Amino acid sequence: MPKRNSTIRTYHFYILIDPRTNEPCYVGITTDPQSRLYGHKQMQKTNVRKCKAIRELLDAGYTPTLEVIDTITTDDYHLALRIEYCWIVEYGRRGAKLLNAFYGEYLSNPPHEPLSRVAILKQAATMPKHQRIDYLLGFARQNLIDWWWIPEYVKDEYFARLQQS
């Protein structure tokens with residue numbers, strides 16, 4: 001996973017829609033929806049199954065559409081990735097046949113209420129980093145969210161605090 005600096009960015013969570021069925025076929029994250037749609041059409045990623053499906057669409061004269069489903073502005077890329085995961089799980093729960101590379105893995109241990117996780121993570125994203133850490137650790141300690149939902153830097157802080165006490 002690439003290192004990201006602490007620049008504040010606006011992340012858009014989106015679905016690609018198959019125009020033949022009007023059903024979502026992919027859930028993703030981007031800072032630039034128009035460029036990302038272009039990238040999907042150019043097959044600039046390594047998800048072979050998704051690229052094959054998009055190639056079949058294009059060869060048949062169709063173009064997938066991109067619909068933004070949520071947006072967040074944060075300096076925390078890793079938190080944004082957790083929110084993307086929630087959306088993938090949510091669309092899977094709704095019955096979407098997704099082309100996401102790790103789709104089956106996401107659904108092997110899904111959260112009970114992915115959209116409630118989105119609300120928690122979006123609230124955390126609005127906080128300064130030190131408050132964000134305490135906020136997320138509070139949920140983890142109460143077992144209200146699984147440790148997987150916690151970004152690595154929060155876990156690191158938790159273990160550092162344990163060593164100090």
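Me: Before we start, what should I know about the numbering and the model?
Reply: Residues are numbered from 1 along each chain as its sequence is written, and side-chain values use heavy atoms, with hydrogens and water left out. This is a predicted model, in which local features need pLDDT of at least 70 and side-chain atom pairs count only at pLDDT 80 or more, while totals for chains, interfaces and linings use all residues.

Me: How many helices and strands does the protein have, and what makes a run count as one?
Reply: There are seven helices and three strands. Helices are DSSP runs of H or I with at least four residues, strands are runs of E with at least two, and both are numbered from the N terminus. Read from that end, the order is β-β-α-α-β-α-α-α-α-α.

Me: Why are α1 and α2 called roughly perpendicular?
Reply: Helix α1 (residues 33-42) and helix α2 (residues 48-59) pack at about 90°, and their axes are 8 Å apart. Those axes are lines fitted to C-alpha atoms, for helices over the stretch in contact, with angles running from 0 to 180 degrees between N-to-C directions. Under 35 degrees counts as roughly parallel, over 145 as roughly antiparallel, 65 to 115 as roughly perpendicular and the rest as oblique. That makes α1 roughly perpendicular to α2.

Me: Which residues meet there, and what makes them a contact?
Reply: Arg 36, His 40 and Lys 41 in α1 meet Lys 50, Ile 54, Arg 55 and Leu 58 in α2; contact means heavy atoms within 4.5 Å. These residues divide into two nonpolar, one polar and four charged.

Me: Why is the pair of Tyr 11 and Tyr 77 called tilted?
Reply: Rings of Phe, Tyr and Trp (its six-membered ring) pair if their centres lie within 6.5 Å; planes under 30 degrees apart count as stacked, over 60 as edge-to-face and the rest as tilted. The structure holds three aromatic pairs. In this one the centres are 6.0 Å apart and the planes are at 50°, so the pair is tilted. Tyr 11 is in strand β1 (residues 9-18) and Tyr 77 in helix α3 (residues 77-93), 66 residues apart.

Me: What makes Tyr 14 and Tyr 26 a pair?
Reply: Their rings are 6.3 Å centre to centre with 40° between the planes, which is again tilted. Tyr 14 lies in strand β1 and Tyr 26 in strand β2 (residues 23-30), so the pair ties together parts that are twelve residues apart in sequence.

Me: How do you know that a charge sits over the ring of Tyr 91?
Reply: The test is that NZ of Lys or CZ of Arg is within 6 Å of the ring centre and within 35 degrees of the ring normal. The charged end of Arg 94 sits over the Tyr 91 ring, 4.6 Å from its centre. Lys 50 likewise lies over the face of Tyr 26, at 4.5 Å from the ring centre.

Me: Is Asn 22 buried or exposed, and how do you know?
Reply: Buried means under 20% relative accessible area, exposed over 50%, and partly exposed in between (1.4 Å probe, protein chains only). At 59% relative accessibility, Asn 22 counts as exposed. Asn 22 is in the loop between β1 and β2, and its phi is near 60°, a positive value in a residue other than glycine.

Me: What makes Thr 65 partly exposed?
Reply: Its relative accessible area is 39%, so Thr 65 is partly exposed. Thr 65 is found in strand β3 (residues 65-74). Leaving aside neighbours within four places in sequence, Thr 65 is in contact with Ile 15, Leu 16 and Ile 17.

Terms used:
Ala, Val, Leu, Ile, Met, Phe, Trp, Tyr, Cys and Pro count as nonpolar, Asp, Glu, Lys and Arg as charged, and the others, Gly among them, as polar.
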